[in-house]
Amino acid sequence: MSNNILIRPAHGGGRNQAIKKYSPTESMVDLSTGINPVGWPVPLVPAEVYNRLPEADDGLIEIAQCYYKTQNILPVSGSQEAIQLLPVIFHQYGILPENPKIGIISPCYAEHEFQWKKNNFSIIHLVSQKVDDVIESLNVLLLINPNNPTGELIAIETLNKWLSQLKKNKGYLIIDEAFMDAAPEHSMIRNNLPDNLIVLRSVGKFFGLAGVRCGFVIAQAEILSYIEYHQGPWSVSGPTRWLIKKALMDHQWIENNKLNLKKASIRLDNLLSHYFFKIDPQSFITGSFLFKTVYLNNACDLFEQLAKQGVLVRLLDKACTCSSCSSLYKNISQPNKGLRFGLPANEAQWQKLEEILELHVKVSEDLNFIANMIDITE
Ligand SMILES: Cc1ncc(COP(=O)(O)O)c(C=O)c1O
């Protein structure tokens with residue numbers, strides 16, 4: 001047996017491990033994911049739902065068709081399941097020519113690249129500004145809209161243009177819309193779905209139901225049938241299907257949640273801008289409704305200090321380092337190093353975040369003062 005240990009990409013959300021590693025004095029506030037911390041209020045699931053096998057004709061599809069406004073839809077156990085299966089089916093069913101060109105707008109959620117590479121596809125990293133230069137040669141263009149972690153939102157007109165350019169070459173556009181629910185007017189989902197469009201949706205983020213593992217794939221019937229064939233008979237559990245039917249029909253909660261997320265997102269943006277401008281004037285903030293990403297110098301140090309003080313954020317340490325990506329962060333000394341902040345769950349968490357950032361501003365002002373004094377005396 002060789003010592004060939006395989007390692008999967010790291011993600012946010014490892015609160016237990018972080019507590020062990022950084023042992024903060026108070027309980028750890030987990031802002032390391034983009035999951036809504038004030039999720040849909042989950043009711044009690046009847047015992048018989050646990051007792052029976054899930055059934056495909058339980059009404060989930062029809063309810064999802066209404067919510068997502070399309071007929072061509074398949075439930076999966078988290079959009080992650082589709083992320084894993086898409087390269088498998090593209091490989092297995094000869095959908096692409098030999099040595100296909102797969103472009104991924106990067107940096108982005110690491111699982112996409114990881115899964116395509118796992119299936120022996122080679123990947124071209126792209127920034128959105130360069131897509132026009134290569135689109136006609138691509139067989140697949142994959143992007144997250146709005147992107148995680150950069151928050152970049154690509155306009156529907158641009159996506160439609162890329163879709164028709166790809167079609168000339170029998171190419172596919174795959175859009176991961178995991179963070180789209182708060183502003184669905186930007187979604188590419190429609191009733192008459194183009195043959196070469198595949199969209200992924202998640203109920204983990206907006207509904208705050210990441211633990212139940214449910215998402216949806218929207219694509220032409222043939223692609224959906226390939227995915228269904230590979231996922232097996234009961235991929236989405238009975239209790240999950242029961243809950244998601246109710247969540248997708250809770251229109252009042254959905255509309256209120258959109259407003260609440262918009263407000264919370266503005267509050268987080270204001271708070272981070274206020275403190276990070278003082279901590280590092282070169283820093284800049286991007287993001288979407290469910291998270292904000294701060295690119296700054298010394299992100300690693302600050303990540304560790306925050307964790308020790310009881311606030312866990314996501315350190316973006318494994319992001320893309322190709323030349324086109326790096327050029328986006330030209331003023332930052334360690335390209336692509338950023339911290340992603342999810343939304344605090346309650347007032348106590350907002351306060352804690354603010355107090356800790358205030359402390360860091362004070363420390364950096366003191367350090368600057370000492371540095372200036374040394375300059376003067378030398
Ligand atoms: C952009 C993006 N897509 C998809 C996923 C997978 O989410 P889920 O499997 O919970 O739907 C994630 C998880 O963080 C993500 O960030």
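A nonpolar core is taken here as a set of buried Ala, Val, Leu, Ile, Met, Phe, Trp, Tyr and Cys residues joined through C-beta atoms within 7 Å. In this predicted model, the largest such core comprises 89 residues, among which L141, L173 and V217 touch the most other members. The core draws at least three residues from each of domain 1 (15-36 + 253-377) and domain 2 (51-250). For L141, the contacts beyond its neighbours within four places in sequence are with G103, V131, I135, W162, L166, G171 and L173.

The protein is divided into two parts, domain 1 (15-36 + 253-377) and domain 2 (51-250), and the C-alpha centres of domain 1 and domain 2 lie 29 Å apart. To the contact between them, domain 1 contributes 26 residues and domain 2 contributes 21 residues. On the side of domain 1 that touches domain 2, the elements giving two or more residues are α10 (251-279), β9 (284-288), α12 (323-326) and β13 (338-342), and of these α10 gives the most, with six residues. In composition, this side of domain 1 divides into 12 nonpolar, 10 polar and four charged residues.

The residues around the ligand are G78, S79, Q80, Y109, I144, N148, D176, A178, S202, G204, A210 and G215. By class, this shell consists of four nonpolar residues, seven polar residues and one charged residue.

Helix α5 (residues 111-118) has H112, E113 and W116 as its buried residues. These residues lie on the same side of α5, because they cover an arc of only 95° around the axis. The buried residues of α5 pack against α4 (79-92) and against the strands β3 (102-105), β4 (123-126) and β5 (140-144). The helix α5 is followed by N120, for which phi is positive, near 70°.

Helix α1 (residues 15-22) contains A18. With 19 other C-beta atoms within 10 Å, A18 is classed as partly exposed, because a residue counts as buried if 20 or more other C-beta atoms lie within 10 Å of its own. When residues up to four places away in sequence are not counted, A18 touches M28, A307 and L312. A18 and D30, which are 12 residues apart in sequence, are 9.5 Å apart in space, C-alpha to C-alpha.

Terms used. Residues numbered from 1 in each chain as written. Predicted model: local features only at pLDDT ≥ 70, side-chain atom pairs only at ≥ 80, totals over all residues. Buried ≥ 20, exposed ≤ 12 C-beta atoms within 10 Å, placed from the backbone. Domains from an automatic or database assignment. Contact = placed C-beta atoms within 7 Å. Helix = DSSP H or I, 4+ residues; strand = E, 2+ residues; numbered from the N terminus. Nonpolar A, V, L, I, M, F, W, Y, C, P; charged D, E, K, R; others polar. Near = placed C-beta within 6 Å. Arc of directions from axis to C-beta.
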